[in-house]
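Hi,

Here is the structure I said I would pass on.

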Amino acid sequence: MKVLKYFLIFIPVSLIGELLHLSQPMIFVFSALAIIPLAGIMGESTEAISHYAGGRIGGFLNATFGNATELIIGFFAMKAGLFDVVKASIAGSVIGNILLVLGLSMLVGGLKYKTQHFNQKVIDVTSSMLLFAVIGLIIPAIFTHTVASKLLTTRYEGLSVVVAIIMFAIYILSLIFSFYTHKDLYATEAEEESAPKWSLNKAIIILVAATIFIGIESEIFVGTVEPMTKAIGLSEAFVGIILVPIIGNAAEHSTAVMMALKNKMNVSIEIALGSSLQIILFVTPVLIFLSLIFSPMSIVFNAFELIALIFSVLIANRLASDGESNWLEGVQLIAVYIIVAASFFIV
Amino acid sequence: MKVLKYFLIFIPVSLIGELLHLSQPMIFVFSALAIIPLAGIMGESTEAISHYAGGRIGGFLNATFGNATELIIGFFAMKAGLFDVVKASIAGSVIGNILLVLGLSMLVGGLKYKTQHFNQKVIDVTSSMLLFAVIGLIIPAIFTHTVASKLLTTRYEGLSVVVAIIMFAIYILSLIFSFYTHKDLYATEAEEESAPKWSLNKAIIILVAATIFIGIESEIFVGTVEPMTKAIGLSEAFVGIILVPIIGNAAEHSTAVMMALKNKMNVSIEIALGSSLQIILFVTPVLIFLSLIFSPMSIVFNAFELIALIFSVLIANRLASDGESNWLEGVQLIAVYIIVAASFFIV
Amino acid sequence: MKVLKYFLIFIPVSLIGELLHLSQPMIFVFSALAIIPLAGIMGESTEAISHYAGGRIGGFLNATFGNATELIIGFFAMKAGLFDVVKASIAGSVIGNILLVLGLSMLVGGLKYKTQHFNQKVIDVTSSMLLFAVIGLIIPAIFTHTVASKLLTTRYEGLSVVVAIIMFAIYILSLIFSFYTHKDLYATEAEEESAPKWSLNKAIIILVAATIFIGIESEIFVGTVEPMTKAIGLSEAFVGIILVPIIGNAAEHSTAVMMALKNKMNVSIEIALGSSLQIILFVTPVLIFLSLIFSPMSIVFNAFELIALIFSVLIANRLASDGESNWLEGVQLIAVYIIVAASFFIV
């Protein structure tokens, strides 16, 4: 979305705000608004570089760095010791992608076209991978909440690393699946690509610049979370599960909605579900590996995050099963999202 | 079912019983038996009025007032402060419709016809709406049981009102969906209608009379719940989750089973699932709105109601996915229902 | 698998070990290795006898005694008072069949054939029965963990018996379904049978001998569980949920994998899901009935077993819904299994 580009003005605004020691809630808003267009530019430059790299390596690059913003925000939040925010933002990204992004896509697409169709076979692969991935991800947490509540935390951290290794291995294997052994399954998607608007050199420079700025803005943003939540009375859980994912994914989300308006529901759904999958199989294990540098982070979600995750993924699987969507399905997804958000808001 | 009409004798019987101060369990039984035929007559008169109203308004009337009995019983139970019975009866209506009504329909239909087929597309819409609705309904309860156990109850009541507003909005939107934007999807159902047996004036008088008598009998019925449960040793949970839904839905249930015997599984399933959906999207929010008059009722189900709800809805979605039914599926649904009932019975 | 026959040597080895009072972990391993080929021989002789019995009675025999090994191990574990091991091994058999056996079958089959197809209709019946059965099985446990935690345990045992009776009734009804009323549904499977390698008399003698030896070895095996878990530091939960099911099902499992290698995924999946179903509908109720002889065993699974069960069954239903499998689905199933096993291992 071109209009998001104007938000780049919030980079200097947030930096100046930080220098002038403006109030924390203001800096929170400015840095958040700065991250939104940066994430979009990062995505576009990654896509351009992938285009030049071509074929499988390009596909691999695009798939892997598509969620770099979440990774960077997560890294700085982890560095600041905000483990609960990191975990909430992982859960929130998955929930937001499935309920909010897919809901909005189905709603706006469905208002324009009576019934929208998508390739059930491709979506089936992604949505059932998502079911397995979420179940794998949450088993240690469920275990912790039930059987093993008297165990030492060091053991959970060990279990988290095991899960991270398994998730990462499945990530690599899923790339092999989609770029080598079963690449014909995804053939229909190829038409989406158009010529990149930047040369390779320019794309690389833009990517590096965007990454640096996202890093800076993420550090500012993360620094404001604690004082801001205290000042305004919002909970850290709400920031983690609702706000961070919206900020990190805004650019991507607008693409999904735009594709729905062009009646390309396949692409919309692949963005929403594929992004969720990458959060679980790539971003989460990498954050756990990185956490070993500071202090080990276990991926023990709280009970409500668990349930919101498993419900979202059940809904995604239900939706995928009929190959069709309409505006009422969109409304219902958004309604579930609002109820989740309202629940976190009242804490 | 014509035989139910003879149960009307229990209207005077229960009133006389109340005057003569008969034992509470006896009055409980008499008033329950009086409500059964009244609910049936109410449904028939609503249908007749809908027929005269015709087209969309008729469909709207029929859909909206189809569960008036549950609403009236719920209202008087709420007025008597029996919040747990109200909540249990909401959960019990959904569970009973899916497990007992659908189970009986599939069993008796399946004994007559080897395999019964239904329109998977229509059932798919209803069953996936049911999944979303149940998830939306139970999120606040799950939230309460997990994250937020130390919160003030006033906040839950606020959350309940938010959920009620969202549910009610989805109800209105779903009527727009089925009577305006996607009415062709439901076209095949139309053949069911036959000429009403009453004139419009007569139907209105009958409806008003039935509503008044249901009100009276509900108030008597509700008044006996507490003394009766103490006298007999049944739990209020059992009354709410098993008995109230059977009483309120008996007439409707017999229709579903009869349609299955005529090999019209589409109609049977739509009655069972559609009725569950109306309980969640219409009866529940209206009861919550009404509760604001007395003292606000939160829709925080207990953990077992939650799980029974989500399992029922998973089963409904599983059943809908293959477009076929047989007697063994019916037996299994009834078996799950019996296990749920037995669990509540032993408390 | 012929190679398993050589394991018969562990019958004398374990018996001698027992006489010589070898260390408990060694006897544990020897008796486990002895049970593996015995279970295989038991299965083969049952199949041979079923072949001679022919038609429906044969099918019935084969279906009913296919899980005799689990029953015998369960019986001796129950006799030794190891109720937690029994319950864990019931849950573990279901989980192992769905995640490990199906996962391995899909993986090795998928490495040989790009996409493997199976008869969605037959698998649909089995997988939806499995969903109902698991839900029925776990409702009393969920009830116990939530609503009724202050109840007397005698009431749970009563509820367990009710559930056992219902499960057993459904088992009988499902045999009537598959051998009488809907036997044409399963017609395609028949081609699998080949001439038995033993005469009827020989098969009966072999069956009796195998049953006796399994009984002896099971008693030895069960006797080592407690001292061994203490010596090595493994938990009883891990032994029950992971080791016992692998030992009891190894022969059957190798058949499932072999069928996948022959691109007969129908048979592989039916072995995995059908075996899970028999554990729930036949082995579990029989064990509960038998427990009334010693001291009544309630089927209250712990929370993690419950969740692992319901997740496994959701995964099985998801897999069944598209009629296709590939190596990546196999990898994901195994990954979930490893995460479950790792969780129990760290306790």
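This is a predicted model: local features need pLDDT of at least 70, side-chain atom pairs count only at pLDDT 80 or more; totals for chains, interfaces and linings use all residues.

On to the pair B and C. Here 22 residues of chain B touch 28 residues of chain C. Helices α11 (303-320) and α12 (327-345) of chain B each bring at least two residues to the chain B side, and α12(B) contributes the most, 10 residues. That side divides into 15 nonpolar, five polar and two charged residues.

Next, the symmetry. Chain B goes onto chain C by a turn of 120° with a shift of 0.0 Å along the axis, and the RMSD is 0.0 Å. The two copies are therefore related as by a three-fold rotation axis. Chain C superposes on chain A by a rotation of 120° too, again with 0.0 Å of shift along the axis and an RMSD of 0.0 Å. If you want to find the axis on screen, go to S321(C): its C-alpha is the nearest to the axis in chain C, 4.8 Å away. In chain B the residue that comes closest to the axis is S321(B), also with its C-alpha at 4.8 Å.

Do the copies meet through like surfaces or different ones? Only 5% of the interface residues of chain C are also interface residues in chain A, so the surfaces are different. For B and C the figure is 5% as well, counted as contact residues of chain B that recur in chain C.

Now a single chain, taking A. Chain A has 12 helices and two strands, and from the N terminus the order is α-α-α-α-α-β-α-α-α-α-α-α-β-α. Its radius of gyration is 19 Å, close to the 20 Å that the globule rule gives for 347 residues, so chain A is as compact as a globular protein of that length. The C-alpha atoms occupy a box of roughly 50 × 45 × 40 Å along the principal axes. Buried residues make up 58% of the 347 in chain A. As for contacts in chain A between residues at least 6 apart in sequence, 85% of them join residues at least 24 apart.

There is also an annotation to go with chain A. An unreviewed UniProt entry lists "domain: Sodium/calcium exchanger membrane region" for residues 26-179 and 203-343. In the model, residues 203-343 of chain A are 84% helix and 1% strand, and the end C-alpha atoms of that span are 42 Å apart.

- Helix α2 (residues 24-53) of chain B has 30 residues, which at 1.5 Å a residue should span 44 Å; the end C-alpha atoms are 42 Å apart, which agrees. Of those 30 residues, 22 are buried, so α2(B) is largely enclosed by the rest of the structure. Just after α2(B) comes G54(B), with a positive phi of about 75°.
- I315(B) sits in helix α11 of chain B. It has 24 C-beta neighbours inside 10 Å, and a residue with 20 or more is buried, so I315(B) counts as buried. Apart from neighbours within four places in sequence, I315(B) is in contact with I98(B) and L333(B) in its own chain and with L131(C), F132(C) and I135(C) across in chain C.
- N263(B) has a positive phi, near 65°, although the residue is not a glycine. You will find N263(B) in the loop between α9 (236-261) and α10 (265-291) of chain B. With 14 C-beta neighbours inside 10 Å, N263(B) counts as partly exposed.

Chain C has its counterpart to that last one. Phi of N263(C) is likewise positive, near 65°, and N263(C) lies in the loop between α9 (236-261) and α10 (265-291) of chain C. Its 13 C-beta neighbours inside 10 Å make N263(C) partly exposed.

Cheers

Notes. Residues are numbered from 1 along each chain as its sequence is written. Chains are lettered from A and ligands numbered from 1 in the order in which they are written. Two residues are in contact if their C-beta atoms, placed from the backbone, lie within 7 Å. Helices (H or I, at least four residues) and strands (E, at least two) are DSSP runs, numbered from the N terminus. Ala, Val, Leu, Ile, Met, Phe, Trp, Tyr, Cys and Pro count as nonpolar, Asp, Glu, Lys and Arg as charged, and the others, Gly among them, as polar. Copies are superposed by least squares on the C-alpha atoms of residues with pLDDT of at least 70 in both. The expected span of a helix is 1.5 Å times one less than its number of residues. A residue is buried if 20 or more other C-beta atoms lie within 10 Å of its own, exposed if 12 or fewer, and partly exposed in between; C-beta atoms are placed from the backbone. UniProt positions are given in the numbering used here, feature names are shortened, and annotations may be inferred rather than shown by experiment. The radius of gyration is taken over C-alpha atoms; the globule rule is 2.2 Å times the number of residues to the power 0.38.
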